[in-house]
Each structure stands twice: as C-alpha cells, then as structure tokens.
Amino acid sequence: MGSDPKRQLLNLLEWYREAGITEYFVLGSEGGQEAVEEKREERVSCPENEELLLKVREEIGDCRRCPLWQTRTNLVFGEGNPCAKVVFVGEAPGEEEDKQGRPFVGLAGQLLTKLIEEVGWKREDVYIANVLKCRPPGNRNPKEEEIEACSPFLLKQIEAIKPKVICALGTFAAQLLLGKKLPISRIRGKVLLGWKNYRVFPTFHPAYLLRNPKQKAVALRDFEVLKEIAEGEG
Ligand code: URA
C-alpha cells in the first residue's frame with residue numbers, strides 16, 4: 001500500500017468488497033460516533049463474524065489451488081449479511097459473476113433475488129456463496145478436485161456466519177453439504193441434517209428454474225418454508 005491516504009482508503013474498501021462487505025457507516029456532521037454505533041447495531045451486530053469472513057478472504061488470497069485461476073477474471077468470494085440466518089449456496093460463478101466478482105448477478109441470480117424478495121427478504125438480509133469461487137470454463141460442471149480444493153473455504157464462511165439454515169441451490173451444493181449423492185428431485189423442500197449438523201434445505205437451482213419455469217411455483221413454496229425455518233423458534 002502506498003502512502004496516499006485516498007489510495008489507502010480505496011484499497012481498504014476494495015478489500016472489504018472482495019470479502020462481500022459492501023455497507024459502511026461513515027461519520028457525518030450530525031449524529032457523531034454514538035449515532036453511528038446505534039445504526040451499526042441495528043444493521044450489523046456481528047463484528048466477530050465480519051472479522052472471521054475477512055480472515056477467510058485473506059486466507060484465500062490470489063488463489064491458485066486449482067487450475068481455474070488461469071481462466072477467471074475475478075474470484076467470487078460471496079456476499080451478504082455476516083449475521084444472516086440463511087446462507088444460500090450455489091454451484092459456481094457464471095459469466096456475469098466472473099465479470100463482476102459477485103455471486104448470482106446474472107439471469108439465474110436475478111431469479112434468485114426475485115424469490116428472496118417474494119418471501120419478504122432483501123438480498124442484503126441473506127448471505128450468498130458458491131461451492132466454487134471461480135468460473136469453470138463454459139459453465140461446465142465442477143470437477144471433484146476443484147470441489148476438494150475450494151469447498152473448505154465455503155465451509156469456513158458458513159462457520160463464520162453460523163446460519164440457522166443453509167439453502168442448497170441444486171445438486172452440487174446439496175451433495176457437498178449432505179455428503180451424499182442424492183437426486184435433487186428427491187430431497188428438495190426437506191430439512192435435512194448435513195455438515196456439522198447444520199440444517200440443510202435443498203431446492204432447485206435457479207438456472208434449472210429458468211429452463212423449467214413451471215417449477216417456479218414449487219420453488220416459491222420452498223422459499224416460504226425456508227423463511228419459516230430461518231425465522232421460527234429453535
Ligand atoms: N450459478 C451459480 O451456481 N452461482 C452463481 O453465482 C451464478 C450462477
């Protein structure tokens with residue numbers, strides 16, 4: 001980092017953005033520190049989770065643990081609320097995600113956002129990540145060795161957030177989190193105990209819903225159940 005304070009601040013903000021933290025509290029002329037602390041309390045009350053997520057991002061660094069680094073534009077770490085009750089896990093970044101360095105921002109992402117909003121959440125309420133952090137060329141399926149190299153970081157993100165429930169979007173996320181190869185059609189819409197006894201709730205991947213729009217109603221019902229699990233007691 002150079003000594004130019006503006007550059008230093010930009011670098012710091014970029015570092016936060018890469019770790020999925022996109023909201024900051026800036027001291028204004030009115031209100032002062034107390035007002036800022038109060039606002040922070042309202043919006044983000046888990047600095048510990050935030051800190052842990054930053055550490056995971058730091059550990060990943062400029063990752064070259066599998067060959068996907070050679071074809072990526074951006075590594076897609078994940079983003080959202082560090083105190084989320086629900087973490088959505090997809091498969092891997094697509095073209096748009098690779099371009100922007102953000103998860104689920106392409107067409108499938110727009111559908112995911114719509115489903116999140118249809119049950120009364122905002123995208124900023126939840127956390128969104130993927131099994132893989134780099135785009136497989138041509139959006140091919142993730143390879144075993146890529147999942148092996150990359151998934152420990154997803155699991156660390158989950159441990160940092162400690163959500164009440166993990167929503168597995170599609171087969172790859174469900175297989176990883178449940179440790180079993182079960183067809184998504186058999187397990188979707190069910191609460192299952194998965195990795196470290198986290199509640200795993202598999203549902204259709206939004207890209208599948210784009211190809212099979214008749215299943216959107218089923219997916220919406222899944223999201224309603226998911227919300228009840230995330231916000232219910234226990
Ligand atoms: N599909 C995924 O599985 N993840 C994304 O981030 C985008 C599309």
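**Notebook: folding of a predicted chain**

I began with contacts (heavy atoms within 4.5 Å): residues 24 or more positions apart account for 70% of those in the chain with a separation of 6 or more. This is a predicted model, where local features need pLDDT of at least 70, side-chain atom pairs count only at pLDDT 80 or more, and totals for chains, interfaces and linings use all residues. Residues are numbered from 1 along each chain as its sequence is written, and side-chain values use heavy atoms, with hydrogens and water left out.

**Entry 1: overview**

I found 10 helices and 6 strands in the chain; these are DSSP runs, numbered from the N terminus, with helices being H or I of at least four residues and strands E of at least two. Of the 234 residues, 45% are buried. Buried here means under 20% relative accessible area, exposed over 50%, and partly exposed in between, with a 1.4 Å probe and protein chains only.

**Entry 2: the sheet**

I traced an open sheet of 6 strands with mixed pairing, in the order β1-β3-β2-β4-β6-β5. At its edges stand β1 and β5, each with a single partner strand, so one side of each has no neighbour in the sheet. I then looked at β1 and strand β3 (residues 127-130), which pair in the antiparallel sense over 2 bridges; two strands pair if DSSP finds at least two bridges between them. The bridge partner of E79 in β3 is I128. Helix α6 packs on this sheet and touches β2, β3 and β4, and its direction makes about 165 degrees with that of β3.

**Entry 3: α6 against α7**

How are α6 and α7 packed? I read an angle of about 75 degrees, with the axes 12 Å apart. Axes are lines fitted to C-alpha atoms, for helices over the stretch in contact, and angles run from 0 to 180 degrees between N-to-C directions. That makes α6 roughly perpendicular to α7, a term for angles of 65 to 115 degrees. From α6 the contact takes I147, S151, L154, L155 and I158, and from α7 it takes F172, L176 and L177. By class I note 7 nonpolar, 1 polar and no charged residues. Ala, Val, Leu, Ile, Met, Phe, Trp, Tyr, Cys and Pro count as nonpolar, Asp, Glu, Lys and Arg as charged, and the others, Gly among them, as polar.

**Entry 4: what covers α7**

Which residues of α7 (171-178) are buried? I listed F172, A173, A174, L177 and L178. Their cover includes β2 (86-90), α6 (144-161), β4 (165-169), α8 (184-187), β5 (192-193) and β6 (199-203). After α7 comes G179, with a positive phi near 70 degrees.

**Entry 5: R72**

I moved to the loop between α3 (47-60) and β1 (79-80), where R72 lies. R72 is buried, with a relative accessible area of 15%. A polar atom of the R72 side chain lies 2.9 Å from the backbone oxygen of C63. Leaving aside neighbours within four places in sequence, R72 is in contact with D62, C63, D98 and C134.

**Entry 6: two positive phi values**

F104 is not a glycine, yet I see a positive phi of about 50 degrees. F104 sits in the loop between α4 (95-100) and α5 (107-118) and counts as buried at 6% relative accessibility. K196, also not a glycine, has a positive phi of about 50 degrees. I placed K196 in the loop between β5 and β6, where K196 is exposed with a relative accessible area of 56%.

Notes. A polar contact is a pair of N or O atoms within 3.5 Å; within protein, one must be able to donate a hydrogen and the other to accept it, and residues adjacent in sequence count only if both atoms are side-chain atoms. Angles under 35 degrees count as roughly parallel, over 145 as roughly antiparallel, 65 to 115 as roughly perpendicular and the rest as oblique.
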